[in-house]
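Colleague: Could you walk me through this one?
Modeller: Gladly; have a look at it first, and then ask away.

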Amino acid sequence: MSTLSSLLARYTDLPGAAVDHLQRVVGEWQLLADLSFADVLLWVDAAPSGIVCVAQCRPTTASTVIPEDAVGTLVSDNEHPYVREAFETGTIVDVKSSPGAGINIRQAVPVRWDGRVVAVLSRDAARVSRRSASALETAYLECADDLYRMISEGTFPTPEARSDTKSSPRAGDGFIRLDRAGKVVYASPNALSAYHRMGLNSDLIGQDLVGTTRALVTDPFESRDVTDYLRGAVEGRLGQRMEVEARGATVLIRALVLNPGGKIRGAAVIVRDVTEVKRRDRALLSKDATIREIHHRVKNNLQTVAALLRLQARRTGNTEAQQALGEAVRRVTSIALVHEALSMSVDEEVDLDGVFDQLIPIVVDVSTVGSQIRVVREGNLGVFPADRATPLVMVLTELVQNAVEHAFDPGVNGTVTVNAQRSARMLDVVVRDEGKGLPEGFSLEASNRLGLQIVRTLVAAELGGSLELTANDTGGTDARLQLPLGKVPVA
């Protein structure tokens, strides 16, 4: 899919600062489309071939009049002469609608940067005349006209306002228009509802919004900040959007300076009641903290179990029992390490490389072989969700443990290599040793070793993968594990 950046690079040689300005315009134009009840298209000059549409936005406050996707469309100057005229004259061009065209308003707005026109916005809408427009329509359209004029003059949007557009409220969330004195001349029903949630018991029309908002906010520091913010917008100073809390309600506020022609005409304030959103966010954070605390406690309990098993292994005189208890210690510890990683994760995912690297010394330590065995990891296992991380860690440690214990004769030093190759669809892990190879007539399916039985069960039932043990070119053994990285198919 063509992006704004790629289309600009293809059809223009604009400098980086001009491209950044167009990105800021696009960041604001959902607001422009909603306030003007219009489809908004961004055009750049592709002379001599014509003009090309590099971005498109449809309103959420009205029906679209351009249902087809125009992005990437190259058209001649004759098809949209008013756009070409805006490029050449640097002025806003209004087009009279033709009967039956279905579009009542058509306008081309030059986008000016550093004194020159770098693009043109086209504004197309199907609407009744302003004489029959509602108070909301009139307030929206007057604000839209001011913003379009500021775009043509190069005073909107500004570099400082770019981060302000992220997660900003939309016009439909709540709209307030202020005059030059900061008095409310229009407030939409949603804006009034947001202020009622904050404790306002009267109408907003005619009130000083700075004083009204300051009186509602109980926190003195927040009250001072919102006062400076709103007063700055009326006086022509920019500021970042902010959240205010009053009487249990949380409202997001964004103020836009309106100064077409260099003359301040007041400000537009967009508000959104985000009380429920913040409540859900707090609930999710609380649940997340609870889940991580549970993982932490599970890890502590498993470490206690591992310590008890280790103590029991030291007290028993039976070699076979010591070996079994040592393997139990390793298995419990591997699960504990996964829960430790989850206790520090915010998204229920585990970086298996870190967990596996912590397990390697434990695997070698509990080995019954009196040799110097080195375990090396090559490649990256990557990040896995919690439900797959535990069985995968168990499988890998069992395979490494099996190689350490059974691949080498006593007193023989060697290396076990864990090679991981991860693609978009599969994780391919090969545990390779340079040992004595598989026993005569060995069959993975018929093996009665507990570790291999655990591995087969986990690979088939929990991971939906495959496992095979084969001889390699060094005379040792390769244990190849292949796992799908998508959802595990249900048998």
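**Cores and ring pairs**

Modeller: Of the 45 residues in the largest nonpolar core, those that touch the most other members are Leu35, Leu42, Val111, Leu121 and Leu147, where such a core is a set of buried Ala, Val, Leu, Ile, Met, Phe, Trp, Tyr and Cys residues joined through side-chain atoms within 4.5 Å, and buried means under 20% relative accessible area, with exposed over 50% and partly exposed in between (1.4 Å probe, protein chains only). Another core, of 43 residues, lies apart from it and has Val393, Met394, Val418 and Ala479 among its residues. This is a predicted model, in which local features need pLDDT of at least 70 and side-chain atom pairs count only at pLDDT 80 or more, while totals for chains, interfaces and linings use all residues. Residues are numbered from 1 along each chain as its sequence is written, and side-chain values use heavy atoms, leaving out hydrogens and water.

Colleague: How many aromatic pairs are there?
Modeller: The count comes to 2, taking rings of Phe, Tyr and Trp (its six-membered ring) with centres within 6.5 Å, and calling planes under 30 degrees apart stacked, over 60 edge-to-face and the rest tilted. The rings of Phe37 and Tyr140 are stacked, because their centres are 5.6 Å apart and their planes at 25°.

Colleague: And why is the pair of Tyr140 and Phe175 edge-to-face?
Modeller: Because their planes are at 75°, with the ring centres 5.2 Å apart. Both Tyr140 and Phe175 are buried, and ring pairs link Phe37, Tyr140 and Phe175 into a cluster.
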